[in-house]
Amino acid sequence: MPEANVFEPKIVAFLCNWCSYAGADLAGISRMHYPPSIRVIRVPCSGRVDPFFILQALQQGADGVLISGCHPGDCHYLTGNFVARRRFAVLNDLLEFCGIEPGRVTFAWVSASEGERFARLVTEVTEKVKQLGPNRKLRKEQY
Amino acid sequence: MEKVELLRRRAKELLKNGEVVMVIGFGPGTRPDISQPLFATTPEQADQLTVDSTCSQNLATYLLKVKDRGRVAVVARGCESRSIVVLLQENQLQRPNLYILGVGCQGVIENGSKSVACTVCRYPNPVIGDEMVGEPVPVSEPDPAVTRADQEFDRLSPDERWQVLSEDITRCIRCYACRQVCPNCYCPVCFVDASMPQLLGKTPNLSDNMVFHLIRALHMAGRCVECGACQRACPMGIDLMRFNRRVAKTVRERFNAIAGTDLNHPPALTQFAPDDPQEFIR
């Protein structure tokens with residue numbers, strides 16, 4: 001039985017269809033254990049992830065956001081993750097600037113064969129967000 | 001006032017010779033301390049043209065609204081010329097339809113003192129143009145006070161930074177004046193106006209206000225020319241340029257790009273390099 005007062009973070013994970021989602025799948029079929037804190041949203045490519053999605057997740061009650069795609073050079077669409085990388089760099093700096101705690105939003109490259117890495121990543125991200133506590137800054141009152 | 005005389009003369013010539021259908025510049029406003037945009041279609045109207053520190057807006061905004069009228073002349077200071085460069089790169093304007101009358105700029109007055117954006121300006125003179133009216137002005141050193149304030153802000157803890165920005169942003173009344181005056185905000189439907197699906201809450205509250213300003217800064221990344229028109233238009237006096245300066249700094253340091261300074265270098269976020277720094281990605 002989980003204890004009533006322990007903070008269990010909600011983490012929204014944007015996973016690219018071709019690598020990270022398959023990596024998560026591999027972690028699953030390999031029976032690896034990781035915390036049940038993530039809610040996966042499958043996207044065609046990390047380039048599909050608009051920074052707005054990330055902020056919206058935080059607004060609507062996520063305590064953390066994980067964005068993951070193919071390693072640079074492995075993109076199914078050749079350059080999607082390169083373009084995304086520039087966008088995420090600016091977002092990451094802006095989040096730091098406006099005082100969102102480092103670790104609230106995590107970016108990672110996970111390939112389809114890195115099931116173990118994915119399980120470890122989710123464990124670490126969950127630990128980090130637990131440490132940070134609930135997201136209170138960007139959350140809207142009704143969530 | 002020699003520069004103004006020269007400007008009026010050239011504008012009148014252009015209109016008289018039929019080289020352009022309109023000259024966009026500044027004319028007298030309803031108050032002596034603020035000029036307003038002037039759209040001169042006859043030589044007589046061009047006699048009202050003025051250019052000084054009371055000219056607050058960025059005239060490139062209006063080019064987008066008259067782009068179907070034919071060839072239009074525009075009075076362009078450094079900021080306007082850089083905005084035009086970005087708009088040309090994004091295929092929003094066609095170069096043959098433009099006649100750029102370049103003028104040097106001494107900075108714009110905001111509430112009685114020099115606008116913050118102008119105190120750190122490094123491009124007072126136009127970067128492109130068909131002709132230069134008057135002499136270029138010397139580039140002055142950026143005011144170290146602004147940089148120092150930014151550095152001090154960066155040294156605060158995340159919670160303190162959030163606190164400082166919240167106090168500012170919570171006052172936003174979501175009038176979108178900042179978006180309206182911006183030459184580079186030209187989406188037919190802005191994400192804040194979308195209602196099906198509704199992307200962002202319409203009423204002022206801290207969360208929605210902050211997301212609006214963050215996303216606006218992100219949309220401006222690599223495109224904002226830091227003219228400061230948004231901040232001067234803000235009825236609540238919110239320090240909007242703080243966001244834009246930060247994003248411009250990121251783009252400058254990470255991608256070695258400055259918006260609107262080179263027609264041959266498209267906006268930084270439409271490009272990539274295989275070896276872009278990625279220390280923040282695990």
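Predicted model: local features only at pLDDT ≥ 70, side-chain atom pairs only at ≥ 80, totals over all residues.
**The contact between chains A and B**
- Chain A brings 31 residues to the contact, and chain B brings 29 residues.
- On the side of chain A that touches chain B, helix H2 (51-59), helix H3 (80-97) and strand E4 (105-109) each supply at least two residues.
- H3(A) gives the most to that side, with 12 residues.
- Sorted by class, this side of chain A holds 18 nonpolar, five polar and eight charged residues.

**Where the two helices meet**
- The axes of H3(A) and helix H11 (residues 241-255) of chain B lie 10 Å apart, at an angle of about 135 degrees.
- That angle makes H3(A) oblique to H11(B).
- Among the residues that meet here are A:Arg86, A:Asp93 and A:Phe97 from H3(A), and B:Arg246, B:Thr250 and B:Phe255 from H11(B).
- The contact of these helices is made up of seven nonpolar, one polar and four charged residues.

**A sheet in chain B**
- Five strands of chain B form an open sheet with mixed pairing, in the order E2-E1-E3-E4-E7.
- Strands E2 (34-40) and E7 (131-133) of chain B each have a single partner strand, so one side of each is left without a neighbour in the sheet.
- E3 (residues 72-76) and E4 (residues 98-103) of chain B run parallel and are joined by five bridges.
- B:Val72 has B:Leu98 in E4(B) as its bridge partner.
- Helix H1 (residues 2-16) of chain B packs on the sheet, and its direction makes about 170 degrees with that of E4(B).

Methods
Residues numbered from 1 in each chain as written. Chains lettered and ligands numbered in written order. Contact = placed C-beta atoms within 7 Å. Helix = DSSP H or I, 4+ residues; strand = E, 2+ residues; numbered from the N terminus. Nonpolar A, V, L, I, M, F, W, Y, C, P; charged D, E, K, R; others polar. Axes fitted to C-alpha atoms, helices over the stretch in contact; angles between N-to-C directions. Parallel < 35°, antiparallel > 145°, perpendicular 65-115°, else oblique. Pairing = 2+ DSSP bridges.
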